[in-house]
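Here are my notes for your first look through this one. Have the model open beside you as you read.

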Amino acid sequence: KLMSISLNSKRWFLTLLLFSCSVCQIFAAWNGPSRDHAKTYSTPYQDGYLSSLHATCGLKKIKYREMKVKVETWEVFTPELETGKLKVAVALQRNSKKKILRAPLAIFIPGTFGNLNGTMANRWMDSLTRLGYHVISFPNPFGTDFVSQVPMGKFGTVTTEAKSLYGVVREIYKKLRMFHALNGSVRLIGISLGGFFSSILAALDAEHPNPILTTDATIISPPFHLGRGIDRLDGLVDELRDPYQEMSLLRTFFKFRKLCRLESSSEANVETLRDARGLVSFHGFYKGLMSSVKKYDKVRSLSYIPKKKSAYQRWRNRFKFSTYYDDLNPEGKRIIRSVKGHLYYWMAKAYRAGFPSIRVLTTTDDFFNDPGAWNSLDLHPMRDGMNGMYGLILDPEMWARIRQNLIVLEHGGHYGFRGKPWFEKFIRLSFGWNEELTRRQANFEELYPEPALELPVVDTEINPFQ
């Protein structure tokens, strides 16, 4: 009886929250304009690695001072980290008198090894603030910004790291509610591994007695199965270690410039396609892994990485994702190679607990995933977990529900569409809640005329947790 009362209370709370929200999209699936725009996507690169690399050509980092909304750094107290705090980037909508305005909230988690003030995080912060959102940007738990705060659990234990993120999300939400700064949707966005973490956060929030994510989670270019994706990356490292692991910066630059000059896949040859695989594998993932493991080794005083040059080189020549997990975190490896490594597992868990909507945007040739990873279940390459190695997909009805909110682009690699003007329009269509808002730059005082509780206006950064 008590359980029944608790469940009814939760449903009542969710219903009240959704109907009292002035701009929430109750059924926040991909809308018609987003789906129509997705049909217009095209790319001259039919190779997933080439698409992924070419998206970075000419991609400029948007600096905080260039954004329409001031970005602050908050240190949020949390017992999940040994330092007791996690730094996050915060952009709050304000009027001309610097008073905080009531606005919807977007929570962003960047891709693998992503840090604060990175190119990916800043682009999303700029785009979402222009659409009228308050934005909170987190470091990815695999990145050095997060690792440097010394998580209680071992690096790479995704379930523990997700709980740490979720605790900080709730702390920030509580503070913004105290400032009366929220009005409308609370949305979660994650890219690549950040998308995988977002699916776990969606499940944690849905199972919480007082959920705060009112609208949706948007997951872009996620690993379908994290353990399988890491195994695929390790295969690329083994295949391409010579010559890309030790390639000089100058030689790397010339290869990158040559690849950026290709106007289509038809101009590529066997050598250039191999270069695309090598540069994406080592500069997109391997170097980030090395940086984070070095930081983890240092903050934990593990003495894991050899100091002598010859010993270090031998260690480096065998090092990859599975080496780290086997040496330092075998339990973390068991988690990511099990059913808990399935994006499907966390999405299903969230939906069963009442989460409103999880939107997925991916491509047909994301090298992180097996071809056909988003097929119908009868054609799915991982339905049986590849003989049980990676966990099973056992619920055809849930898989059908997940696919209802799925957009799969023809080609584009791993987040390889991000450098196109097409994608900026896709963001506006998918996160703007009315047609006028998707066209305008911003006039936040008109959009949210009633200011929130005023914070002190000072020249230095504001941190309400101090």
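1. What share of the 466 residues in the protein chain is buried? Buried residues make up 57% of them, where buried means under 20% relative accessible area with a 1.4 Å probe and protein chains only, exposed is over 50%, and partly exposed is in between. Before you go on: this is a predicted model, with local features needing pLDDT of at least 70 and side-chain atom pairs counting only at pLDDT 80 or more, while totals for chains, interfaces and linings use all residues. Residues are numbered from 1 along each chain as its sequence is written, and side-chain values use heavy atoms, leaving out hydrogens and water.

2. On to the parts list. The protein chain has 19 helices and eight strands, taken as DSSP runs (H or I of at least four residues for helices, E of at least two for strands) and numbered from the N terminus. Contact here means heavy atoms within 4.5 Å. Among contacts between residues at least 6 apart in sequence, 81% join residues at least 24 apart.

3. Now find the sheet. Eight strands form an open sheet with mixed pairing, in the order S1-S2-S4-S3-S5-S6-S7-S8; two strands pair if DSSP finds at least two bridges between them. Strand S1 (71-77) and strand S8 (406-409) stand at the edges with a single partner strand each, so one side of each has no neighbour in the sheet. From one strand to the next the twist averages 20°.

4. Nine of its 10 residues are buried, so S5 is largely enclosed by the rest of the structure. S3 and S5 pair in the parallel sense over six bridges, and Ile109 has Gly190 in S5 as its bridge partner. S5 (residues 182-191) also pairs in the parallel sense with S6 (residues 216-220), over five bridges. Along that pairing, Leu188 stands opposite Ala217 in S6, and Ile191 stands opposite Ile220 in S6.

5. Helix H4 (residues 119-130) lies across S1, strand S2 (85-91), strand S3 (103-109), strand S4 (134-137), S5 and S6, and runs at about 165° to S4. Helix H17 (residues 421-431) lies across S5, S6, strand S7 (358-363) and S8, again running at about 165°, here to S7. For these angles, axes are lines fitted to C-alpha atoms, for helices over the stretch in contact, and the angles run from 0 to 180 degrees between N-to-C directions.

6. Stay in helix H17 for Ser430. Is Ser430 buried or exposed? Ser430 is buried, at a relative accessible area of 0%. Its side chain reaches the backbone oxygen of Phe426 at 2.8 Å. Leaving aside residues up to four places away in sequence, Ser430 touches Trp30, Asn31, Ser34, Arg187 and Arg359.

7. A search of the whole structure finds 34 aromatic pairs, meaning rings of Phe, Tyr and Trp (its six-membered ring) with centres within 6.5 Å; planes under 30 degrees apart count as stacked, over 60 as edge-to-face and the rest as tilted. One of the pairs is Phe155 with Tyr296, tilted at 5.8 Å centre to centre and 40° between the planes. This pair links distant parts of the chain, 141 residues apart: Phe155 is in the loop between helix H5 (144-147) and helix H6 (158-178), and Tyr296 is in helix H10 (residues 270-299). Phe155 is buried at 4%, and Tyr296 is buried at 6%.

8. Ring pairs also link a cluster of Trp30, Tyr41, Phe108, Trp124, Tyr415, Phe417, Trp422, Phe423, Phe426 and Phe431. The charged end of Arg359 sits over the ring of Phe431, 5.0 Å from its centre (NZ of Lys or CZ of Arg must be within 6 Å of the ring centre and within 35 degrees of the ring normal). Arg401 has its charged end over the ring of Tyr351, 3.9 Å from the centre.

9. Last stop, helix H12 (residues 321-328). Six of its eight residues are buried, so H12 is largely enclosed by the rest of the structure. The buried residues are Phe321, Ser322, Thr323, Tyr324, Tyr325 and Leu328. What covers them includes helix H8 (226-244), H10, helix H11 (309-318) and helix H13 (330-336).

Methods. Polar contact = N/O pair within 3.5 Å; in protein donor to acceptor, adjacent residues only side chain to side chain.
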